[in-house]
Amino acid sequence: MNIALTGATGFLGLRLLRCLLERHGALTLLTHSASADALGRVTRFLEATGAPERLIAELPARVRVVPTDLSRPRMGLPTARFEELADACDAIWHSAGSINLEGDLASLRRVNVEGTRAVLELAAAGPRRPVIYHVSTAFVAGARREGVVYEDELDDAHGFENSYERSKYEAEALVHAWARTHRSPVVVLRPSILVTDLPPHPELPRHPLQVMDQLVGDAMHAAGLAGKRRSDPGLPVMRLVGRRYGHLNMMPVEDAATAMVRLADREPSGRVDTYHVVHDHDVPVCAVTELMERLAPLRARLVDRRPDDVSALEASMDFYPGITPYLRHHRRYDDTRARTVLGPPRSVTRVDVDYLLSGLRPARPAWPTDAPAGGPH
Ligand SMILES: NC(=O)c1ccc[n+]([C@@H]2O[C@H](COP(=O)([O-])OP(=O)(O)OC[C@H]3O[C@@H](n4cnc5c(N)ncnc54)[C@H](OP(=O)(O)O)[C@@H]3O)[C@@H](O)[C@H]2O)c1
């Protein structure tokens with residue numbers, strides 16, 4: 001079975017790669033030609049995460065690296081190379097994408113929509129009708145902030161919180177249209193926010209919570225509070241529009257990759273099979289504000305509406321309109337179809353403030369209680 005994987009050097013892709021290598025002898029990695037040394041980065045990830053030495057030693061023989069640019073026609077490959085790839089593919093895992101929540105729509109479309117189009121073209125160009133495993137996101141549900149989101153739902157009626165969500169929605173809509181036309185099997189995997197408790201490491205890709213960490217540090221700097229210490233009297237207050245009883249779903253990235261690969265064990269129906277890959281317990285929004293307080297010497301308060309007298313610290317959060325609306329979310333994701341395949345939740349990973357903090361700081365405790373604002377990045 002010939003399996004191709006895009007995005008293998010990414011936060012999720014590296015874990016998918018490791019899970020896929022547990023089941024398959026060889027993989028073709030459609031890596032990003034603009035970023036150097038894909039194999040080296042994969043190797044260093046495996047080393048940093050304690051993979052068996054044998055797996056690391058065998059890696060060069062078990063993976064074939066094909067540098068591509070998914071935003072270009074035929075992935076930027078010469079026609080003969082593209083056709084040779086297409087002729088050999090039995091399954092394509094598509095995990096490449098841009099997860100920039102503050103990105104502009106044109107750039108996000110180039111990677112997320114055109115990149116998906118390129119994967120679909122590859123699937124259609126060969127004779128083997130490969131199964132496509134398309135990594136989407138639970139956030140294609142867009143700006144709908146409450147209620148239950150079902151796995152079969154896909155509509156843009158509620159609009160989107162940011163251009164990332166829109167681009168991922170458009171990519172998923174493209175996949176549906178393609179599957180109808182080509183009568184080909186597609187599996188859509190929709191993880192929620194992917195998190196880790198693995199401390200930051202120069203060889204590991206950044207993850208979404210690190211963006212929040214940076215946002216808090218940048219806001220403190222922008223407001224002239226960089227030198228603030230936790231022991232100083234009168235910590236600055238950051239009022240954030242959010243729901244006190246709101247919640248978000250956060251899924252440990254390793255558990256997500258394991259679940260996705262197990263979902264792929266099931267024979268696809270031949271249509272589009274969509275699965276929510278989510279944790280069975282949500283994280284309260286107030287845990288996110290508590291995390292902010294542990295990341296920087298400030299007091300985070302959830303308020304119902306934007307105050308009239310915003311402080312410099314609060315105003316600096318306006319630079320991140322793609323992220324802050326999530327504090328208002330309290331929707332749930334139904335994962336009945338995924339559970340039907342996977343059985344009851346097996347993940348015992350508890351995602352709480354300590355878990356999230358571990359993924360942001362070299363070691364616990366985060367840093368000496370009197371460290372300056374923003375802490376080490
Ligand atoms: N992270 C999350 O919380 C989350 C949640 C839900 C869904 N998802 C989805 O999961 C997928 C993977 O996300 P991630 O967190 O792993 O993202 P990531 O860490 O940013 O990785 C993105 C991957 O895409 C590759 N890539 C980017 N542009 C490319 C291009 N033009 N051509 C070829 N490859 C390109 C990158 O290669 P280089 O790094 O080598 O340049 C990298 O391997 C995405 O589709 C995302 O929408 C992520």
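Contact is taken here to mean heavy atoms within 4.5 Å. The structure is a predicted model, in which local features need pLDDT of at least 70 and side-chain atom pairs count only at pLDDT 80 or more, while totals for chains, interfaces and linings use all residues. Residues are numbered from 1 along each chain as its sequence is written, and side-chain values use heavy atoms, with hydrogens and water left out.

The protein chain is divided into domain 1 (3–194 + 250–277) and domain 2 (196–248 + 282–330 + 347–358), the bounds coming from an automatic or database domain assignment. The centres of the two domains, taken over C-alpha atoms, are separated by 29 Å, and 28 residues of domain 1 are in contact with 29 residues of domain 2.

Around the ligand, 27 residues form a shell, with T9, H32, S35, Y164 and K168 the closest; a residue is counted as near if one of its heavy atoms lies within 4 Å of the molecule or strand in question. Helices (H or I, at least four residues) and strands (E, at least two) are DSSP runs, numbered from the N terminus, and of these elements α1 (11–23), α6 (163–182) and β8 (193–195) each supply at least two residues of the shell. The largest share, three residues, comes from α1. By composition the shell divides into twelve nonpolar, twelve polar and three charged residues, where Ala, Val, Leu, Ile, Met, Phe, Trp, Tyr, Cys and Pro count as nonpolar, Asp, Glu, Lys and Arg as charged, and the others, Gly among them, as polar.

Polar contacts are pairs of N or O atoms within 3.5 Å; within protein, one atom must be able to donate a hydrogen and the other to accept it, and residues adjacent in sequence count only if both atoms are side-chain atoms. An oxygen atom of the ligand lies 2.8 Å from a polar backbone atom of F11, an N or O atom in the side chain of H32 is 2.7 Å from a ligand oxygen, and for a polar side-chain atom of S35 the distance to an oxygen atom of the ligand is 2.5 Å.

Residues are termed buried under 20% relative accessible area, exposed over 50% and partly exposed in between (1.4 Å probe, protein chains only). T31, in strand β2 (residues 27–32), is buried at a relative accessible area of 7%. Beyond its neighbours within four places in sequence, T31 is in contact with A38, V65, V66, P67 and T68. In helix α8 (residues 253–263), eight of the eleven residues are buried, among them V253, D255 and M260.

S316, found in helix α10 (residues 312–316), is likewise buried, with a relative accessible area of 4%. A polar atom of the S316 side chain lies 2.5 Å from the backbone oxygen of L313, and, neighbours within four places in sequence left aside, S316 is in contact with A219 and A222.

Most residues other than glycine have a negative phi. D37, which is not a glycine, has a positive phi of about 55 degrees; D37 lies in the loop between β2 and α2 (38–48) and is partly exposed, with a relative accessible area of 43%. M75 has a phi near 60 degrees and lies in the loop between β3 (63–68) and α4 (79–88), but M75 counts as buried at 1% relative accessibility.
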